[in-house]
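Here is a friendly walk through one protein chain, meant to be read with the model open beside it. Follow along and pick out each element as it comes up.

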Amino acid sequence: MASHERWNALLEIIARDGRLDVETAAQELDVSTATIRRDLDRLAQQQMVTRTRGGATANNVSYDLPLRYKTARHATEKDRIARAASALIRPGGVVGLNGGTTTTEVARALATRADLLAAGGEAALTVVTNALNIANELTVRQHVKIVVTGGVVRPQSYELTGPLGTLVLEQLTLDHLFLGVDAISATEGATAYNEGEASINQLMVARARQVIVVADSSKLARHAFARICEIRQVDVLITDSGADPAAVAAFTDAGVQVIRA
């Protein structure tokens, strides 16, 4: 296995488990523990992992794995969240989707809804997105009309950011926005690690009649670097059944409808 393949594998393990043990990783990849330690040191130098005694972890404050390494995290919870989110949408609506693993699952749930598929050759739904991976997946769905915002691609999330995207969004109105976040709290609102993503997401929030945050319970009662919107701008939060009751109560007290899928 080449070094870059091992690095990808190690990042996938951390994305899956949240942490990595040197001995376990060495057995899983069939290499020596010395090799794993060197690989982890290299990844830590690139600020991709946080080294610990005997392994590595994801940094809870600023960790921002590329999207392709995050798909395995909380997969079951995200699937339930996506199906609950999809059920809120009626045919004929205009739906906004920003980038992220959870919103990608929402897009897939919308794309496979039987009542939307029954619309024949007509578009049953309009999706506005700044995420290239979502646009790519939905392009083959003839019942979905795709509008891509434009902008400069951020490789970590496949999201388009920058002023080119604002030119499109300023001309549109969204019935619903499914907003993926890196963190959300009742005091700090919805936040993201990257300020460029936060900026374009702010405009998507402003153009939406209803803002629905989709976030698994690991993202609740936390905050990231850049604010997307205040909590008063969030209408609905869809999370999983493992959400801490105290965190849910805080969102409810702030006026947010919480759906636990």
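## Strands, helices and how they meet

Strand β12 (residues 208-214) runs parallel to β14, and three bridges join the two. Within this pairing, V214 faces I238 in β14. Please keep in mind that this is a predicted model.

On to the next partner: β14 also pairs with strand β15 (residues 257-260), again in the parallel sense, over four bridges. Here T239 sits opposite R260 of β15. To get from β14 to β15 the chain passes through helix α10 (residues 245-253), and this β-α-β crossover is right-handed.

What covers the faces of β14, and are its residues buried or exposed? In a regular strand, side chains alternate between the two faces of the sheet. In strand β14 (residues 236-239), V236 and I238 lie on one side and L237 and T239 on the other, and all of these are buried, with both faces covered.

Now for the overall layout. The chain splits into domain 1 (3-61) and domain 2 (75-260). Their C-alpha centres are 31 Å apart.

A second sheet to look at is an open one of three strands, ordered β1-β3-β2, with antiparallel pairing. Its edges are β1 (19-21) and β2 (50-52); each has a single partner strand, so one side of each is left without a neighbour in the sheet. On average, and ignoring direction, neighbouring strands here are turned by 20 degrees against each other. Three bridges link β2 with strand β3 (residues 55-57) in the antiparallel sense, and T50 stands opposite T57 in β3.

| Helix | Lies across | Angle |
|---|---|---|
| α2 | β1 and β3 | about 80 degrees to β1 |
| α3 | β1, β2 and β3 | about 140 degrees to β2 |

How do the two helices pack against each other, and at what angle? Helix α2 (residues 22-29) and helix α3 (residues 33-45) meet at about 110 degrees, and their axes are 9 Å apart. Since angles of 65 to 115 degrees count as roughly perpendicular, α2 is roughly perpendicular to α3. On the α2 side the contact is made by V22, E23, A25, A26 and L29, and on the α3 side by T33, I36, R37 and L40.

Notes: Residues are numbered from 1 along each chain as its sequence is written. This is a predicted model: local features need pLDDT of at least 70, side-chain atom pairs count only at pLDDT 80 or more; totals for chains, interfaces and linings use all residues. Side-chain values use heavy atoms; hydrogens and water are left out. Domain bounds come from an automatic or database domain assignment. Buried means under 20% relative accessible area, exposed over 50%, partly exposed in between (1.4 Å probe, protein chains only). Two strands pair if DSSP finds at least two bridges between them. A crossover is right-handed if, with the strands pointing away from the viewer, the path from the first strand over the helix to the second runs clockwise. Axes are lines fitted to C-alpha atoms, for helices over the stretch in contact, and angles run from 0 to 180 degrees between N-to-C directions. Angles under 35 degrees count as roughly parallel, over 145 as roughly antiparallel, 65 to 115 as roughly perpendicular and the rest as oblique. Contact means heavy atoms within 4.5 Å.
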